[in-house]
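I opened my notebook today to look around a protein chain one step at a time. Come and read along with me.

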Amino acid sequence: MSDNKPHIDPYPLSPYAAWAGNRNKDAILHSFEELFPTKGDALEVATGAGLHINYLAPHFPNVRFQPSDYDQGVFETIKAKRLKGNNIADPALIDLTVSSTWPNADERFYDVIFVINIFHVASLSIAEGIAALGAELLKPSGFIAIYGPFKLDGKYTTPSNEAFDREIRAAGVPEWGLKDVRDIERETRTHGLALKRQLDVPASNFILLFGRS
């Protein structure tokens, strides 16, 4: 696959989002094969065009995957990518800043809540929303998995991440830019969650695993 990167555009149906998703999907799968339960329920937040959830689901046939997004305009794309009769539910509306849109905990708890590649183009407050959602919907042994590029203790972990941060900040969008792992931790701690593991993943990214304290 060509590594010619399109212009950065966080819109889920953009060429950049497709390029980034295809670039990292195998590395994410390999990590999730170690982490996911063999049977249970997984909720993806900010599913976007559905590339990751549709790629992952066939590898976990006994896990029910729930896609979600705050933009209902991507729902038809998510469903169009879905294989007939597979283990992906219809997409659900979840806006992390509006708790009234969140699923009802009386109906289902989740083994895994995961989010992929959003924090470099999302505000830090989204971490608080994910933590609040997890506090309500995770099973006692469940976890949140957050994948993406991050700074650590105020420092870049690789020269490529520093260059990437400069590139996205040059767009002048206030919330764009690499977030620090410690800031994500602080937001989740207010909801009784703690960073349990920090996995290095190819392409200079991390998977951050949060569970109940």
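Where is the place of Gly192? I found Gly192 in the loop between helix 6 and strand 7 (193-201). For my own use I noted that helices (H or I, at least four residues) and strands (E, at least two) are DSSP runs, numbered from the N terminus.

Before going on, I wrote down that this is a predicted model, where local features need pLDDT of at least 70, side-chain atom pairs count only at pLDDT 80 or more, and totals for chains, interfaces and linings use all residues. Residues are numbered from 1 along each chain as its sequence is written, and side-chain values use heavy atoms, with hydrogens and water left out.

**Entry 1: Gly192 again**

I looked up the accessibility of Gly192: it counts as partly exposed because its relative accessibility is 33%. The cut-offs are these: buried means under 20% relative accessible area, exposed over 50%, and partly exposed in between (1.4 Å probe, protein chains only). Next I checked its contacts (heavy atoms within 4.5 Å). Setting aside residues up to four places away in sequence, Gly192 touches Gly211, Arg212 and Ser213. I also compared Gly192 with Lys39: they are 153 residues apart in sequence and 25 Å apart in space, C-alpha to C-alpha.

**Entry 2: the whole chain**

I counted 6 helices and 8 strands in the protein chain. Along the sequence they follow the pattern α-β-α-β-β-α-β-β-α-β-α-α-β-β. The C-alpha trace spans about 45 × 40 × 30 Å along its principal axes.

Then I checked the radius of gyration, which is taken over C-alpha atoms; the globule rule is 2.2 Å times the number of residues to the power 0.38. A compact globule with 213 residues would have a value near 17 Å, and the protein chain agrees with its 16 Å. Of the 213 residues, 50% count as buried. Among contacts between residues at least 6 apart in sequence, 67% join residues at least 24 apart.

**Entry 3: the cores**

Here I needed the term nonpolar core: a set of buried Ala, Val, Leu, Ile, Met, Phe, Trp, Tyr and Cys residues joined through side-chain atoms within 4.5 Å. Which residues of the largest nonpolar core touch the most other members? Of its 29 residues, they are Leu43, Ile113, Phe119, Ile144, Ile146 and Phe150. The elements that give two or more residues to this core include strand 1 (40-45), strand 5 (110-116) and helix 4 (125-137). Helix 4 gives the most, with 7 residues.

Not counting residues up to four places away in sequence, Leu43 touches several residues, among them Ile94, Val112, Ile113, Leu133 and Leu137. I also noted a second, separate core of 24 residues, which includes Ala27, Ile53, Phe60 and Leu199.

**Entry 4: salt bridges**

How many salt bridges does a search of the whole structure find? I got 11. A salt bridge here is a side-chain nitrogen of Lys or Arg within 4 Å of a carboxyl oxygen of Asp or Glu.

In helix 5 (residues 159-169), Glu162 and Arg166 are 4 residues apart, so about one helical turn separates them. Their closest N and O atoms are 3.8 Å apart. Glu162 is partly exposed at 34%, and Arg166 is exposed at 52%.

Asp165 and Arg169 also meet in a salt bridge, 3.0 Å from N to O. Asp165 is buried, with a relative accessible area of 0%, whereas Arg169 is partly exposed at 42%.

In helix 6, Arg186 and Asp183 are 3 residues apart, which means about one helical turn. Their salt bridge has its closest N and O atoms 2.7 Å apart.

**Entry 5: Asp69**

I found Asp69 in strand 3 (residues 68-69). Asp69 is buried yet has no salt bridge; Lys81, the nearest side chain of opposite charge, is 13 Å away. For charge, Lys and Arg count as positive and Asp and Glu as negative, while His and the chain ends are not counted. A polar atom of the Asp69 side chain lies 3.3 Å from the backbone nitrogen of Thr47.

**Entry 6: Pro140**

Is Pro140 buried or exposed? I noted that Pro140, in strand 6, counts as exposed because its relative accessibility is 74%.

Technical notes
Polar contact = N/O pair within 3.5 Å; in protein donor to acceptor, adjacent residues only side chain to side chain.
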